[in-house]
Amino acid sequence: MHVYDGVVIGAGQAGLSASFHLTRLGVDHVVLDANPRPGGAWQHRWDSLSMHDVHGVADLPDAPAPGDSVERANVVVPAWFGDYERSHHLPVVRPVRVDAVTDDEGLLVVRAGERRWTTRTLVNATGTWTRPFIPAYPGAETFRGEQLHTSAYPGAAHFDGRRVLVVGGGASAVQFLGELGPRTDVLWVTRRPPVWRDHFDENAGRRAIELVQERVRAGLPPASVVSVTGLALRPQEQEAARLGVYERRRPMFARIERDGVRWADGSFEPVDVILWATGFRPAVGHLAPLHLRSEHGGIALLQSGADVQTATTALRDPRVQLVGYGPSASTIGGNRAGRAAALAVRRHLLEHPLEVGDERALA
Ligand code: FAD
(Lines give C-alpha, C1' and ligand atoms only; values in the text may rest on other atoms or scores of the structure.)
Protein backbone atom coordinates (compact mmCIF):
# COMPACT_ATOMS: atom_id res chain seq x y z
CA MET A 1 0.00 0.00 0.00
CA HIS A 2 1.31 3.41 -0.96
CA VAL A 3 0.64 6.21 1.52
CA TYR A 4 0.35 9.54 -0.26
CA ASP A 5 1.33 12.73 1.48
CA GLY A 6 -1.79 14.32 -0.02
CA VAL A 7 -4.86 13.51 -2.07
CA VAL A 8 -6.76 16.26 -3.87
CA ILE A 9 -10.39 15.54 -4.73
CA GLY A 10 -11.59 17.57 -7.72
CA ALA A 11 -9.75 19.03 -10.70
CA GLY A 12 -11.52 22.35 -11.18
CA GLN A 13 -9.81 25.71 -10.70
CA ALA A 14 -9.33 25.11 -6.96
CA GLY A 15 -8.01 21.57 -7.29
CA LEU A 16 -5.61 22.46 -10.10
CA SER A 17 -4.26 25.39 -8.14
CA ALA A 18 -3.73 23.14 -5.10
CA SER A 19 -2.02 20.49 -7.22
CA PHE A 20 0.27 23.07 -8.85
CA HIS A 21 1.46 24.29 -5.45
CA LEU A 22 1.73 20.79 -3.94
CA THR A 23 3.90 19.82 -6.93
CA ARG A 24 6.06 22.90 -6.46
CA LEU A 25 6.49 22.05 -2.76
CA GLY A 26 7.44 18.48 -3.62
CA VAL A 27 4.41 16.91 -1.91
CA ASP A 28 3.69 13.41 -3.21
CA HIS A 29 0.02 13.55 -4.19
CA VAL A 30 -2.66 12.49 -6.63
CA VAL A 31 -5.71 14.40 -7.91
CA LEU A 32 -8.93 12.37 -8.23
CA ASP A 33 -11.61 13.83 -10.47
CA ALA A 34 -15.09 12.49 -11.23
CA ASN A 35 -15.31 13.97 -14.71
CA PRO A 36 -14.11 11.93 -17.67
CA ARG A 37 -12.34 14.99 -19.11
CA PRO A 38 -10.54 18.13 -17.86
CA GLY A 39 -12.60 21.26 -17.23
CA GLY A 40 -14.19 20.93 -13.78
CA ALA A 41 -17.73 22.33 -13.75
CA TRP A 42 -16.98 24.52 -16.77
CA GLN A 43 -17.40 21.60 -19.17
CA HIS A 44 -21.06 21.38 -18.06
CA ARG A 45 -22.00 25.05 -18.41
CA TRP A 46 -24.69 25.74 -21.02
CA ASP A 47 -23.67 26.30 -24.65
CA SER A 48 -24.83 29.92 -24.87
CA LEU A 49 -22.50 30.98 -22.03
CA SER A 50 -19.63 32.63 -23.88
CA MET A 51 -16.33 33.87 -22.51
CA HIS A 52 -17.92 37.29 -22.87
CA ASP A 53 -20.80 36.29 -20.56
CA VAL A 54 -18.77 34.81 -17.69
CA HIS A 55 -18.15 36.97 -14.65
CA GLY A 56 -14.40 36.76 -15.04
CA VAL A 57 -12.26 33.67 -14.89
CA ALA A 58 -9.09 34.19 -12.85
CA ASP A 59 -5.64 33.08 -13.97
CA LEU A 60 -4.32 29.73 -12.79
CA PRO A 61 -0.92 29.86 -11.10
CA ASP A 62 1.62 30.42 -13.86
CA ALA A 63 -1.03 30.48 -16.64
CA PRO A 64 -3.09 33.49 -17.71
CA ALA A 65 -6.79 32.82 -18.24
CA PRO A 66 -8.25 32.90 -21.75
CA GLY A 67 -9.59 36.38 -22.52
CA ASP A 68 -12.98 37.79 -23.39
CA SER A 69 -14.37 36.30 -26.62
CA VAL A 70 -17.57 35.01 -28.18
CA GLU A 71 -16.27 31.44 -27.87
CA ARG A 72 -18.16 28.98 -25.68
CA ALA A 73 -16.93 28.89 -22.06
CA ASN A 74 -17.64 25.14 -21.90
CA VAL A 75 -15.06 24.62 -24.66
CA VAL A 76 -12.44 27.29 -23.95
CA VAL A 77 -11.99 26.74 -20.19
CA PRO A 78 -11.82 22.92 -20.38
CA ALA A 79 -9.22 23.15 -23.18
CA TRP A 80 -7.20 25.57 -21.04
CA PHE A 81 -7.44 23.27 -17.99
CA GLY A 82 -6.41 20.28 -20.14
CA ASP A 83 -3.31 22.10 -21.42
CA TYR A 84 -2.53 23.16 -17.88
CA GLU A 85 -2.72 19.65 -16.47
CA ARG A 86 -0.46 18.34 -19.24
CA SER A 87 2.11 21.12 -19.28
CA HIS A 88 2.51 21.10 -15.50
CA HIS A 89 2.44 17.29 -15.30
CA LEU A 90 -0.29 17.35 -12.68
CA PRO A 91 -1.07 13.83 -11.42
CA VAL A 92 -4.79 13.78 -12.27
CA VAL A 93 -6.59 10.44 -12.30
CA ARG A 94 -10.07 10.30 -13.86
CA PRO A 95 -12.79 9.40 -13.87
CA VAL A 96 -12.84 8.71 -10.12
CA ARG A 97 -15.93 9.65 -8.13
CA VAL A 98 -15.02 9.56 -4.45
CA ASP A 99 -17.80 8.03 -2.33
CA ALA A 100 -16.32 8.47 1.11
CA VAL A 101 -13.25 9.53 3.06
CA THR A 102 -12.72 7.63 6.28
CA ASP A 103 -10.21 7.70 9.10
CA ASP A 104 -8.08 4.61 9.57
CA GLU A 105 -6.01 5.06 12.72
CA GLY A 106 -4.60 8.42 11.79
CA LEU A 107 -4.47 7.96 8.03
CA LEU A 108 -7.21 9.04 5.66
CA VAL A 109 -8.67 6.49 3.27
CA VAL A 110 -10.25 7.88 0.12
CA ARG A 111 -12.75 5.42 -1.31
CA ALA A 112 -14.27 5.19 -4.78
CA GLY A 113 -16.15 1.94 -5.28
CA GLU A 114 -13.57 -0.80 -4.77
CA ARG A 115 -10.63 1.57 -5.18
CA ARG A 116 -8.74 3.09 -2.25
CA TRP A 117 -6.08 5.78 -1.78
CA THR A 118 -4.45 6.16 1.61
CA THR A 119 -3.12 9.57 2.51
CA ARG A 120 -1.81 11.68 5.34
CA THR A 121 -3.69 14.81 4.24
CA LEU A 122 -6.62 15.72 2.03
CA VAL A 123 -7.48 18.75 -0.10
CA ASN A 124 -11.17 18.80 -0.97
CA ALA A 125 -11.92 20.77 -4.13
CA THR A 126 -15.22 19.32 -5.26
CA GLY A 127 -17.10 22.57 -5.95
CA THR A 128 -20.87 22.70 -6.03
CA TRP A 129 -21.99 21.79 -9.55
CA THR A 130 -22.84 18.20 -8.67
CA ARG A 131 -25.27 19.35 -5.97
CA PRO A 132 -27.95 21.47 -7.62
CA PHE A 133 -30.42 22.82 -5.10
CA ILE A 134 -34.19 23.00 -5.66
CA PRO A 135 -36.26 24.24 -2.72
CA ALA A 136 -39.29 22.21 -1.73
CA TYR A 137 -42.70 23.76 -2.48
CA PRO A 138 -46.02 22.06 -1.89
CA GLY A 139 -47.56 20.61 -5.01
CA ALA A 140 -44.30 20.42 -7.02
CA GLU A 141 -45.00 16.79 -7.92
CA THR A 142 -48.42 17.68 -9.39
CA PHE A 143 -47.05 20.16 -11.97
CA ARG A 144 -47.76 18.95 -15.51
CA GLY A 145 -45.25 21.20 -17.22
CA GLU A 146 -41.48 20.93 -17.27
CA GLN A 147 -39.23 21.68 -14.29
CA LEU A 148 -35.51 22.04 -14.69
CA HIS A 149 -32.54 23.45 -12.83
CA THR A 150 -29.72 25.76 -13.97
CA SER A 151 -27.45 22.73 -14.19
CA ALA A 152 -29.64 21.38 -17.02
CA TYR A 153 -30.31 24.66 -18.87
CA PRO A 154 -30.56 23.59 -22.51
CA GLY A 155 -30.37 27.04 -24.18
CA ALA A 156 -33.05 29.61 -24.95
CA ALA A 157 -34.49 27.95 -28.07
CA HIS A 158 -35.78 25.06 -25.93
CA PHE A 159 -38.33 27.43 -24.36
CA ASP A 160 -39.73 29.07 -27.50
CA GLY A 161 -43.50 29.43 -27.45
CA ARG A 162 -43.78 28.47 -23.78
CA ARG A 163 -44.44 30.55 -20.69
CA VAL A 164 -41.42 30.25 -18.41
CA LEU A 165 -41.23 31.02 -14.70
CA VAL A 166 -37.64 31.75 -13.64
CA VAL A 167 -37.09 31.21 -9.91
CA GLY A 168 -34.10 32.71 -8.11
CA GLY A 169 -32.35 35.98 -7.39
CA GLY A 170 -28.82 35.22 -8.54
CA ALA A 171 -26.67 35.90 -11.58
CA SER A 172 -27.91 32.82 -13.44
CA ALA A 173 -31.55 33.93 -13.16
CA VAL A 174 -30.67 37.39 -14.46
CA GLN A 175 -28.82 35.84 -17.37
CA PHE A 176 -31.63 33.41 -18.25
CA LEU A 177 -34.18 36.25 -18.18
CA GLY A 178 -31.89 38.24 -20.48
CA GLU A 179 -31.85 35.38 -22.98
CA LEU A 180 -35.48 34.32 -22.70
CA GLY A 181 -37.18 37.69 -22.25
CA PRO A 182 -36.82 38.87 -25.85
CA ARG A 183 -38.06 35.57 -27.34
CA THR A 184 -40.78 34.16 -25.09
CA ASP A 185 -43.15 34.99 -22.23
CA VAL A 186 -41.26 35.03 -18.92
CA LEU A 187 -42.08 35.62 -15.26
CA TRP A 188 -39.60 36.09 -12.45
CA VAL A 189 -39.94 35.26 -8.76
CA THR A 190 -37.37 35.70 -6.00
CA ARG A 191 -37.46 35.28 -2.23
CA ARG A 192 -36.06 38.75 -1.58
CA PRO A 193 -36.14 41.86 -3.75
CA PRO A 194 -33.00 41.82 -5.92
CA VAL A 195 -30.18 44.11 -4.86
CA TRP A 196 -28.93 45.94 -7.95
CA ARG A 197 -25.46 47.34 -7.77
CA ASP A 198 -24.26 50.41 -9.66
CA HIS A 199 -20.61 49.71 -9.40
CA PHE A 200 -18.60 46.91 -7.91
CA ASP A 201 -15.17 47.96 -6.75
CA GLU A 202 -12.51 46.07 -4.87
CA ASN A 203 -13.91 47.09 -1.48
CA ALA A 204 -17.38 45.82 -2.33
CA GLY A 205 -15.82 42.55 -3.49
CA ARG A 206 -13.82 42.19 -0.28
CA ARG A 207 -16.89 42.91 1.82
CA ALA A 208 -18.91 40.30 -0.08
CA ILE A 209 -16.27 37.67 0.55
CA GLU A 210 -16.09 38.64 4.22
CA LEU A 211 -19.85 38.14 4.53
CA VAL A 212 -19.47 34.58 3.30
CA GLN A 213 -16.52 34.03 5.63
CA GLU A 214 -18.49 35.24 8.65
CA ARG A 215 -20.98 32.45 8.04
CA VAL A 216 -18.28 29.84 7.55
CA ARG A 217 -16.44 30.95 10.68
CA ALA A 218 -19.65 30.52 12.64
CA GLY A 219 -19.95 26.98 11.25
CA LEU A 220 -22.99 27.84 9.10
CA PRO A 221 -23.43 26.44 5.60
CA PRO A 222 -21.79 28.94 3.22
CA ALA A 223 -23.74 31.26 0.94
CA SER A 224 -22.22 31.54 -2.54
CA VAL A 225 -19.87 34.46 -3.11
CA VAL A 226 -21.88 35.45 -6.15
CA SER A 227 -25.06 35.60 -4.04
CA VAL A 228 -23.64 38.38 -1.89
CA THR A 229 -22.09 40.49 -4.64
CA GLY A 230 -25.39 41.99 -5.82
CA LEU A 231 -26.71 41.97 -9.38
CA ALA A 232 -25.87 44.02 -12.43
CA LEU A 233 -27.39 44.12 -15.87
CA ARG A 234 -24.88 43.77 -18.68
CA PRO A 235 -25.31 44.79 -22.31
CA GLN A 236 -26.58 41.27 -23.04
CA GLU A 237 -29.54 41.88 -20.72
CA GLN A 238 -30.55 45.34 -21.91
CA GLU A 239 -33.17 44.18 -24.38
CA ALA A 240 -34.98 42.16 -21.70
CA ALA A 241 -34.69 45.17 -19.36
CA ARG A 242 -36.22 47.40 -22.02
CA LEU A 243 -39.13 44.97 -22.24
CA GLY A 244 -39.64 45.32 -18.46
CA VAL A 245 -38.77 41.70 -17.65
CA TYR A 246 -36.83 42.58 -14.49
CA GLU A 247 -39.48 44.98 -13.20
CA ARG A 248 -42.25 42.39 -13.28
CA ARG A 249 -40.64 40.39 -10.48
CA ARG A 250 -42.93 38.90 -7.86
CA PRO A 251 -42.21 37.40 -4.43
CA MET A 252 -42.18 33.62 -4.10
CA PHE A 253 -45.42 31.78 -4.69
CA ALA A 254 -46.93 29.64 -1.93
CA ARG A 255 -47.60 26.47 -3.89
CA ILE A 256 -47.31 24.76 -7.24
CA GLU A 257 -50.39 23.41 -9.01
CA ARG A 258 -50.95 21.31 -12.12
CA ASP A 259 -50.78 24.22 -14.54
CA GLY A 260 -48.99 26.98 -12.69
CA VAL A 261 -48.21 28.59 -9.38
CA ARG A 262 -50.38 30.21 -6.72
CA TRP A 263 -49.54 32.93 -4.23
CA ALA A 264 -50.74 33.18 -0.64
CA ASP A 265 -53.20 35.93 -1.66
CA GLY A 266 -54.90 33.45 -4.01
CA SER A 267 -53.57 34.91 -7.26
CA PHE A 268 -52.50 32.40 -9.92
CA GLU A 269 -50.19 32.42 -12.93
CA PRO A 270 -50.31 29.65 -15.51
CA VAL A 271 -46.84 28.54 -16.64
CA ASP A 272 -45.47 25.81 -18.90
CA VAL A 273 -41.97 25.64 -17.44
CA ILE A 274 -40.40 26.28 -14.03
CA LEU A 275 -36.71 27.05 -14.38
CA TRP A 276 -35.11 26.73 -10.95
CA ALA A 277 -32.11 29.08 -10.91
CA THR A 278 -31.82 28.37 -7.22
CA GLY A 279 -28.15 27.63 -6.89
CA PHE A 280 -26.01 24.83 -5.61
CA ARG A 281 -24.72 23.42 -2.34
CA PRO A 282 -21.15 22.37 -1.52
CA ALA A 283 -20.50 18.81 -2.71
CA VAL A 284 -19.05 17.49 0.55
CA GLY A 285 -21.24 14.46 1.33
CA HIS A 286 -18.26 12.11 0.90
CA LEU A 287 -16.59 13.83 3.88
CA ALA A 288 -19.44 12.90 6.24
CA PRO A 289 -17.55 10.02 7.95
CA LEU A 290 -14.96 12.58 9.15
CA HIS A 291 -17.62 14.52 11.11
CA LEU A 292 -16.33 17.93 10.04
CA ARG A 293 -19.67 19.70 10.24
CA SER A 294 -20.50 21.96 13.15
CA GLU A 295 -23.86 21.75 14.92
CA HIS A 296 -24.99 24.54 12.55
CA GLY A 297 -24.52 22.34 9.48
CA GLY A 298 -21.46 23.98 7.90
CA ILE A 299 -17.77 23.09 8.01
CA ALA A 300 -15.98 25.74 10.06
CA LEU A 301 -12.53 26.71 8.77
CA LEU A 302 -9.56 27.97 10.75
CA GLN A 303 -8.54 31.49 9.83
CA SER A 304 -4.96 32.36 10.56
CA GLY A 305 -4.25 35.40 8.35
CA ALA A 306 -6.12 38.51 7.30
CA ASP A 307 -7.04 37.19 3.84
CA VAL A 308 -10.28 35.26 4.37
CA GLN A 309 -9.85 33.37 1.11
CA THR A 310 -6.78 31.65 2.52
CA ALA A 311 -8.77 30.01 5.34
CA THR A 312 -8.82 26.38 4.20
CA THR A 313 -8.13 24.13 7.19
CA ALA A 314 -11.11 22.29 8.70
CA LEU A 315 -11.44 23.32 12.31
CA ARG A 316 -12.35 19.79 13.35
CA ASP A 317 -9.55 18.01 11.44
CA PRO A 318 -6.38 19.86 10.44
CA ARG A 319 -5.47 17.08 7.99
CA VAL A 320 -8.29 18.29 5.77
CA GLN A 321 -8.24 21.45 3.63
CA LEU A 322 -11.30 22.78 1.83
CA VAL A 323 -10.70 24.90 -1.25
CA GLY A 324 -13.36 26.48 -3.42
CA TYR A 325 -15.57 26.31 -0.31
CA GLY A 326 -17.34 29.31 1.21
CA PRO A 327 -15.21 32.43 0.82
CA SER A 328 -12.97 30.78 -1.78
CA ALA A 329 -15.86 29.60 -4.02
CA SER A 330 -14.87 31.66 -7.04
CA THR A 331 -12.09 31.23 -9.55
CA ILE A 332 -9.90 33.82 -7.86
CA GLY A 333 -10.73 32.41 -4.43
CA GLY A 334 -9.99 28.87 -5.61
CA ASN A 335 -6.58 30.01 -6.77
CA ARG A 336 -5.64 31.68 -3.52
CA ALA A 337 -7.06 28.85 -1.45
CA GLY A 338 -5.16 26.28 -3.53
CA ARG A 339 -1.87 27.91 -2.57
CA ALA A 340 -2.86 28.30 1.07
CA ALA A 341 -4.00 24.67 1.23
CA ALA A 342 -0.71 23.39 -0.21
CA LEU A 343 1.23 25.39 2.37
CA ALA A 344 -1.02 24.09 5.16
CA VAL A 345 -0.52 20.51 3.92
CA ARG A 346 3.25 20.89 3.95
CA ARG A 347 3.12 22.42 7.43
CA HIS A 348 1.00 19.55 8.69
CA LEU A 349 3.34 16.95 7.16
CA LEU A 350 6.38 18.58 8.78
CA GLU A 351 4.68 18.87 12.17
CA HIS A 352 3.32 15.32 12.08
CA PRO A 353 6.02 13.08 10.61
CA LEU A 354 5.11 9.46 9.99
CA GLU A 355 6.03 7.16 12.83
CA VAL A 356 8.97 4.99 11.79
CA GLY A 357 7.04 1.98 12.97
CA ASP A 358 3.99 2.76 10.89
CA GLU A 359 3.78 -0.47 8.95
CA ARG A 360 1.11 0.79 6.61
CA ALA A 361 3.42 3.50 5.33
CA LEU A 362 6.44 1.25 5.06
CA ALA A 363 4.66 -1.70 3.45
P1 FAD B 1 -15.50 22.85 -9.99
O2 FAD B 1 -15.09 23.55 -11.20
O3 FAD B 1 -16.92 22.48 -9.81
O4 FAD B 1 -14.62 21.51 -9.93
C5 FAD B 1 -14.91 20.49 -9.02
C6 FAD B 1 -14.46 19.18 -9.61
O7 FAD B 1 -14.61 18.20 -8.59
C8 FAD B 1 -15.30 18.73 -10.78
O9 FAD B 1 -14.49 18.31 -11.83
C10 FAD B 1 -16.12 17.58 -10.21
O11 FAD B 1 -16.41 16.56 -11.14
C12 FAD B 1 -15.19 17.05 -9.14
N13 FAD B 1 -15.91 16.33 -8.09
C14 FAD B 1 -17.02 16.69 -7.42
N15 FAD B 1 -17.36 15.74 -6.53
C16 FAD B 1 -16.43 14.76 -6.64
C17 FAD B 1 -16.22 13.51 -6.00
N18 FAD B 1 -17.05 13.07 -5.04
N19 FAD B 1 -15.16 12.76 -6.38
C20 FAD B 1 -14.32 13.19 -7.33
N21 FAD B 1 -14.47 14.35 -7.97
C22 FAD B 1 -15.51 15.13 -7.63
N23 FAD B 1 -16.84 32.00 -10.66
C24 FAD B 1 -16.03 32.93 -11.19
O25 FAD B 1 -15.02 33.30 -10.57
N26 FAD B 1 -16.31 33.50 -12.41
C27 FAD B 1 -17.40 33.12 -13.13
O28 FAD B 1 -17.62 33.61 -14.22
C29 FAD B 1 -18.28 32.12 -12.59
N30 FAD B 1 -19.37 31.71 -13.26
C31 FAD B 1 -20.17 30.76 -12.72
C32 FAD B 1 -21.30 30.33 -13.42
C33 FAD B 1 -22.16 29.38 -12.90
C34 FAD B 1 -23.36 28.95 -13.65
C35 FAD B 1 -21.86 28.80 -11.63
C36 FAD B 1 -22.76 27.76 -11.04
C37 FAD B 1 -20.72 29.21 -10.93
C38 FAD B 1 -19.88 30.19 -11.46
N39 FAD B 1 -18.76 30.63 -10.77
C40 FAD B 1 -17.94 31.58 -11.32
C41 FAD B 1 -18.43 30.04 -9.48
C42 FAD B 1 -17.67 28.74 -9.78
O43 FAD B 1 -18.33 27.71 -9.16
C44 FAD B 1 -16.21 28.82 -9.38
O45 FAD B 1 -15.67 29.98 -9.78
C46 FAD B 1 -15.27 27.74 -9.91
O47 FAD B 1 -15.47 27.41 -11.25
C48 FAD B 1 -15.40 26.57 -9.06
O49 FAD B 1 -14.20 25.86 -9.18
P50 FAD B 1 -13.94 24.64 -8.26
O51 FAD B 1 -12.61 24.11 -8.61
O52 FAD B 1 -14.18 24.98 -6.84
O53 FAD B 1 -15.10 23.59 -8.63
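Reader: How many bridges join strand 6 to strand 7?
Author: Strand 6 is joined to strand 7 (residues 115–119) by five bridges, and the two run antiparallel. Two strands count as paired if DSSP finds at least two bridges between them. Strands (E, at least two residues) and helices (H or I, at least four) are DSSP runs, numbered from the N terminus. This is a predicted model, in which local features need pLDDT of at least 70 and side-chain atom pairs count only at pLDDT 80 or more, while totals for chains, interfaces and linings use all residues. Residues are numbered from 1 along each chain as its sequence is written, and side-chain values use heavy atoms, with hydrogens and water left out.

Reader: What about the hairpin of strand 6 and strand 7: which residue takes a positive phi?
Author: Gly113 does, with phi near 55°, and the hairpin has two residues between the strands.

Reader: And how does strand 5 pair with strand 6?
Author: Strand 5 (residues 100–104) pairs with strand 6 in the antiparallel sense, over five bridges. Val101 has Val110 of strand 6 as its bridge partner. Two residues lie between these strands in their hairpin, where Glu105 has a positive phi near 45°.

Reader: Is strand 6 mostly covered or exposed?
Author: Strand 6 (residues 107–112) is mostly covered, with five of its six residues buried. Buried means under 20% relative accessible area, exposed means over 50%, and partly exposed lies in between (1.4 Å probe, protein chains only).

Reader: In what order do the four strands of that open sheet come?
Author: The order is 1-7-6-5, with mixed pairing. Strand 1 (3–4) and strand 5 are at the edges; each has a single partner strand, so one side of each is left without a neighbour in the sheet.

Reader: What is the order in the open sheet of seven strands?
Author: That sheet runs 4-3-2-8-19-18-17, and its pairing is mixed. Its edges are strand 4 (92–93) and strand 17 (301–302), each with a single partner strand, so one side of each has no neighbour in the sheet. Within the sheet, strand 18 (residues 313–314) and strand 19 pair in the antiparallel sense over two bridges, and Ala314 stands opposite Asp317 of strand 19.

Reader: Changing topic: how many aromatic pairs does a search of the whole structure find?
Author: The search finds 14. Rings of Phe, Tyr and Trp (its six-membered ring) pair if their centres lie within 6.5 Å; planes under 30 degrees apart count as stacked, over 60 as edge-to-face and the rest as tilted. One of the pairs is Trp46 with Tyr153, edge-to-face at 5.6 Å centre to centre and 80° between the planes.

Reader: Where in the chain are Trp46 and Tyr153?
Author: Trp46 is in the loop between strand 3 (29–32) and helix 2 (73–87), whereas Tyr153 is in the loop between strand 9 (146–149) and strand 10 (164–167), 107 residues apart.

Reader: Why does Trp46 count as buried?
Author: Trp46 counts as buried because its relative accessibility is 6%. Tyr153 is buried too, with a relative accessible area of 5%.

Reader: Which residues form one aromatic cluster with that pair?
Author: Trp46 and Tyr153 form the cluster together with Phe159 and Phe176. Phe159 lies in the loop between strand 9 and strand 10 and is buried at 0% relative accessibility. Phe159 is 113 residues from Asp272 in sequence, yet their C-alpha atoms are 9.1 Å apart in space.

Reader: Which residue has the charged end of Arg281 over its ring?
Author: Phe133 does, with the charged end 3.7 Å from the ring centre. Arg45 lies over the face of Trp42, at 4.2 Å from the ring centre. A charge sits over a ring if NZ of Lys or CZ of Arg is within 6 Å of the ring centre and within 35 degrees of the ring normal.

Reader: Lastly, which element gives the most to the lining of the second largest pocket?
Author: Helix 6 does, with eight residues.
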